[in-house]
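Here is a short tour for anyone meeting this structure for the first time. Take a moment to turn the model around before reading on.

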Amino acid sequence: MKTLLDDPKNLGRYDTLGVYDSITSIGQQFESAWHDSQFVSLNFEPEKIKNIVFAGMGGSNLPAHIVQSLSPLILKLPFEIISNYRLPQYTSKETLVILASYSGNTEEILSCGQDAIKRQSQNIVITTDGKLKELALTEHWPLILLDEKLNRSHDPRYGIGLMLGAVMGLMTRLYPEASRFVNPKEIVRVIEKSLDLLNRDRPTNNNPAKSFATKNRGQSIIIFSANHLSGVGKISANFFNETSKSFSSHFSIPDLNHHLLDGLIFPITLKDHTRFILLNSSLYPEIIQKRFQITKNILLKQNYQLTVIKPESADLVSQVFESLVFLIMISYYLSIVNKQDPGTNPWVDFFKKQLS
């Protein structure tokens, strides 16, 4: 039986900015920005860097969470994500500061840029344009200029492939050993395969992302994940918030086992409006898998609705990208089911106007 999502007219009615085209370009985005990251001229010696600070807001900081969750494979230095107006007090000449703003006009990151000048840190800029690009050119900082043509919607979060390609490519420049685990061609292959399995032409009964969205109209989405998939959990919650207009949050195992489970008793009506996604993996350590099973049983005992998502890819990095595409596609289809435009954010825009 056909559903609302199987009628192309419904997708066009709510998706006014071409978000679907941006999502299906994530593989091309990744490839483009990865290439640029390999050829940007670095004006510092990587071996002299002692720590990395990634400064970004909203959609511009999401890829840093992937890097953090894959840190055992692609990092050999302390890596911190800053989403504020100032850099950490310990920022020094031996700190690499990555200033990321998709638009190039994010006030918090421009402020961090001025802070970086004062602290004389080593700096790299990732952007499409704006004042941050001008600052990078003025200060002669390495600049990765993202190709916005690959993001038809022009919304920063749908340029996630661009940001991911740039940041992960940079990490392999700083830590060449990471190339053993991070193969850009394989990442693009996984992205394209996942997108094909979830594309809008596949009917709901043969499309798990459409099926999930259809069954969860108007629901809150709470995501549990761990280890290498924790960054995917964080990113997905942002997408459900902004794209689907659904309240969403992310918690990590094992930490959530120490506080959250008793917080599910009240309000009593919470279970009527909430779907839990358990992002499990056969590559988690045995103790983490055991925690997932016990957590699942507790949720069922409390009569919560839940869905277990378990990527099929054979390695950690591929599982990250397989899961990421799946959850982004769910958020897109859920926006249509919720009769919301996936490319507009009226309350965030209202807030920014009030602030200015």
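Which helices each supply at least two residues of the lining of the largest pocket? They are helix 6 (107-119), helix 11 (230-242) and helix 14 (346-355). Helices (H or I, at least four residues) and strands (E, at least two) are DSSP runs, numbered from the N terminus.

Before going further, a note on the source: this is a predicted model, in which local features need pLDDT of at least 70 and side-chain atom pairs count only at pLDDT 80 or more, while totals for chains, interfaces and linings use all residues. Residues are numbered from 1 along each chain as its sequence is written, and side-chain values use heavy atoms, with hydrogens and water left out.

**Pockets and a cavity**

The search runs on a 1 Å grid over the protein atoms alone: a cavity is a set of points where a 1.4 Å probe fits but cannot get out, a pocket is an open set with protein on both sides within 12 Å along at least five of seven lines, and lining residues have an atom within 4 Å of a point. Points are joined across faces, edges and corners, and a volume is the space filled by probe spheres set on them. For the classes, Ala, Val, Leu, Ile, Met, Phe, Trp, Tyr, Cys and Pro count as nonpolar, Asp, Glu, Lys and Arg as charged, and the others, Gly among them, as polar.

| Space | Volume | Lining by class |
|---|---|---|
| Largest pocket | about 880 Å³ | 7 nonpolar, 12 polar, 8 charged |
| Second largest pocket | about 450 Å³ | 8 nonpolar, 5 polar, 8 charged |
| Largest cavity | about 30 Å³ | 7 nonpolar, no polar, 1 charged |

The largest pocket has a volume of about 880 Å³. Its lining counts 27 residues, and M57, G58, T106, V348 and K352 are the closest to its centre. Helix 14 gives the largest share of this lining, 5 residues.

In the second largest pocket, 21 residues form the lining, with S194, L197, P311, E312 and E322 nearest the centre. Two or more residues each come from helix 9 (184-197) and helix 13 (316-337), and helix 9 gives the most, with 6 residues.

The structure also holds 1 cavity of 30 Å³ or more. The residues lining the largest cavity are I52, I74, L75, K76, L77, M171, L174 and Y175.

**The sheet and its helices**

Now look for an open sheet of 5 strands, with parallel pairing and the order 2-1-3-4-5. Strand 2 (79-82) and strand 5 (143-145) are at the edges with a single partner strand each, so one side of each has no neighbour in the sheet. Two strands pair if DSSP finds at least two bridges between them. Strand 1 (residues 51-55) and strand 3 (residues 95-101) run parallel and are joined by 5 bridges; F54 stands opposite I98 in strand 3.

Contact means heavy atoms within 4.5 Å.

**A buried serine**

S244 sits in the loop between helix 11 and strand 7 (248-252). Is S244 buried or exposed? S244 is buried, with a relative accessible area of 0%; buried means under 20%, exposed over 50% and partly exposed in between, with a 1.4 Å probe and protein chains only. Beyond its neighbours within four places in sequence, S244 is in contact with F239, S331, L334, S335, N338 and Q340.
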